[in-house]
Number of protein chains: 2
Amino acid sequence: MSAERRRPIAKKPASAYHHGRLREALIAAALRLIGGGEDVNLREAARLVGVSPGAPFRHFRDKAALLAAVAEETMRRFRHEVVTALGAAPSAPSSQIHAMAVAYLRFALGEPAYFRAFAQAGELGFFDSDFFKKENQETLDALDGLIVEGQQRGEVAPGDPRVVHLAARAFVYGLGRMYVEGHFARLGLGGESPLAVAEQALAVFERGLLRSEPSRPPGTSRRSAKDKLP
Amino acid sequence: MSAERRRPIAKKPASAYHHGRLREALIAAALRLIGGGEDVNLREAARLVGVSPGAPFRHFRDKAALLAAVAEETMRRFRHEVVTALGAAPSAPSSQIHAMAVAYLRFALGEPAYFRAFAQAGELGFFDSDFFKKENQETLDALDGLIVEGQQRGEVAPGDPRVVHLAARAFVYGLGRMYVEGHFARLGLGGESPLAVAEQALAVFERGLLRSEPSRPPGTSRRSAKDKLP
DNA sequence: CGTGGAAAGTAAGCGGTGATTACATTGGCA
DNA sequence: TGCCAATGTAATCACCGCTTACTTTCCACG
């Protein structure tokens, strides 16, 4: 039996019976549902695609698998945005970290459906899946490297790099979640551009995280300013 | 007969038929379920209390109402901890804000069940309920006041107080969520005391948020031009 | 060709869950 | 004492995740 049936990816429904690209259609439908604020509903997704309630199980072992697939797609988009942003930013660690944070916020606030999908799949075991580890490890490793290099240059707050890493991710993650949960509006910040607000908040955080100007006079910094910078 | 048989909070089951304090028992059961990591299950909660599946609906209109009640209880505990911490801390705005953040983190990391309940109820409309607004407004107002006063004293980062408020809450919220979602362990920080790690991360954030030494000369902040807001 | 086998979808149904409704039991109070 | 409101039960519905058995379609291979 041929394990590799190698069926060309049909662009349209292959027939009235066989959908032809049900898997992708289900992912898209799930994403629409997530974007609508509701939690994903397998039967409803099937309904949106015009297929029977049992059909999704031909492509996904269970609901979690569909959510994981959505999260994979989300992850790919996220990584693409991060990589693009890093390539366009100056190479100094502080600039790279800033660009990474902005890319994260742009992603979370610009496409809440994706961010929600991300968070939602994370509440299941997705973060422990092989795909996630492989796909995300490079980004996280890059952040780790930037933190360490930034610390050596005096651009980044000192301390355990893992803790600095944790602090940075907690901040952008919390900001994204607060946005999708409606806290921006609750704080009276609904009228303004969410991304602009988030970047201002990021600036508040960065004033401690990033120290790109070593011209600060000695004695004004609580911690030993070994600031030697270009 | 029992003078305390009147409808308020009975200390024991009033009879085999009437539970007597079913409402409180259901809240406790829901909290236990949340603490166990699972999401709340009305029938299971009823089962734990030893009552029929329909009984909870005598006390809660729907599942969301039970979660809201759990969140109310959580909120009361949270406020108590915050108030206590504020009373024990120095009166300087930076110290008060720090104490508030530590109390938040102690609450989120010390009793994950409560924090999860809080976040879970927040994903429904609980944050827009009258109780929440009334109960939480004072805490939020206190934080706003501390931020403004701290800014006047030069202890707190400048900028729109609402944005500073947002940044502070996003940080501790993100940290709490990352903890209950297992990211501490994923970052290799599982072995250490979570609260100690969180406080170190908080220090990273505070180095920008809190400026106990306002003697920094003008012009050293690379974003000084953007700090103009109402 | 044309045919067999696998992929992909359908139909039917199970168990669990939130929610509603009608009924039963209890205890306080006029 | 007898009424009545509060409280709990029983039965039931609709929906959802998931499984199983069956049907339809497509494709590789002789």
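User: Is A:Y104 buried or exposed?
Analyst: A:Y104 is buried, with a relative accessible area of 16%. Buried means under 20% relative accessible area, exposed means over 50%, and partly exposed lies in between, using a 1.4 Å probe and the protein chains only. The model is a predicted one, in which local features need pLDDT of at least 70, side-chain atom pairs count only at pLDDT 80 or more, and totals for chains, interfaces and linings use all residues. Residues are numbered from 1 along each chain as its sequence is written, chains are lettered from A and ligands numbered from 1 in the order in which they are written, and side-chain values use heavy atoms, leaving out hydrogens and water.

User: How many aromatic pairs are there over all chains?
Analyst: A search of the whole structure finds 29 aromatic pairs. One of them joins A:Y104 and A:F115, with 6.3 Å from centre to centre and 75° between the planes, and it is edge-to-face. Rings of Phe, Tyr and Trp (its six-membered ring) pair if their centres lie within 6.5 Å; planes under 30 degrees apart count as stacked, over 60 as edge-to-face and the rest as tilted.

User: Where do A:Y104 and A:F115 sit in the chain?
Analyst: A:Y104 is in helix α4 (residues 93–110) of chain A and A:F115 is in helix α5 (residues 112–123) of chain A, 11 residues apart. Helices (H or I, at least four residues) and strands (E, at least two) are DSSP runs, numbered from the N terminus. A:F115 is buried as well, at 3% relative accessibility.

User: What about B:F126 and B:F132?
Analyst: Their ring centres are 5.6 Å apart and their planes stand at 65°, so this pair is edge-to-face. Both B:F126 and B:F132 are buried.

User: Which residues do ring pairs link into a cluster in chain A?
Analyst: The cluster includes A:F78, A:Y104, A:F107, A:Y114, A:F115 and A:F118. Also among its members are A:F126, A:F127, A:F132 and A:Y173.

User: Tell me about A:F118, then. What is it in contact with?
Analyst: Leaving aside neighbours within four places in sequence, A:F118 is in contact with A:T74, A:M75, A:F127 and A:F132. Contact means heavy atoms within 4.5 Å. A:F118 lies in helix α5 of chain A and is buried, with a relative accessible area of 13%. A:F118 and A:A71 are 47 residues apart in sequence, yet 5.3 Å apart in space, C-alpha to C-alpha.

User: New topic: which residues have the most contacts inside the largest nonpolar core?
Analyst: They are A:F171 and B:F171, in a core of 144 residues. A nonpolar core is a set of buried Ala, Val, Leu, Ile, Met, Phe, Trp, Tyr and Cys residues joined through side-chain atoms within 4.5 Å. Not counting residues up to four places away in sequence, A:F171 touches A:A201, A:L202 and A:F205 in chain A, and B:A167, B:A170, B:F171 and B:F205 in chain B.

User: And what does A:A167 touch?
Analyst: With the residues up to four places away in sequence left out, A:A167 touches A:F205, B:F171, B:A201 and B:V204. A:A167 is in helix α7 of chain A and counts as buried at 0% relative accessibility.

User: Is A:R177 buried or exposed?
Analyst: A:R177 is buried, with a relative accessible area of 6%. This residue lies in helix α7 (residues 161–180) of chain A. Beyond its neighbours within four places in sequence, A:R177 is in contact with A:F115, A:A119 and A:E123, and with B:E123, B:Y173, B:R177 and B:E181.

User: Let us turn to α2 of chain B. Which residues are buried there?
Analyst: In helix α2 (residues 42–49) of chain B, B:L42, B:A45, B:A46 and B:V49 are buried. They cover an arc of only 100° around the axis, which puts them on the same side of α2(B). The arc is that of the directions from the helix axis to the C-beta atoms. On the other side of α2(B), B:R43 and B:R47 are exposed. The buried residues of α2(B) pack against α1 (22–35) and α3 (63–88) of chain B.

User: Finally, how many helices and strands does chain A have?
Analyst: Chain A has nine helices and zero strands. Of its 230 residues, 47% count as buried.
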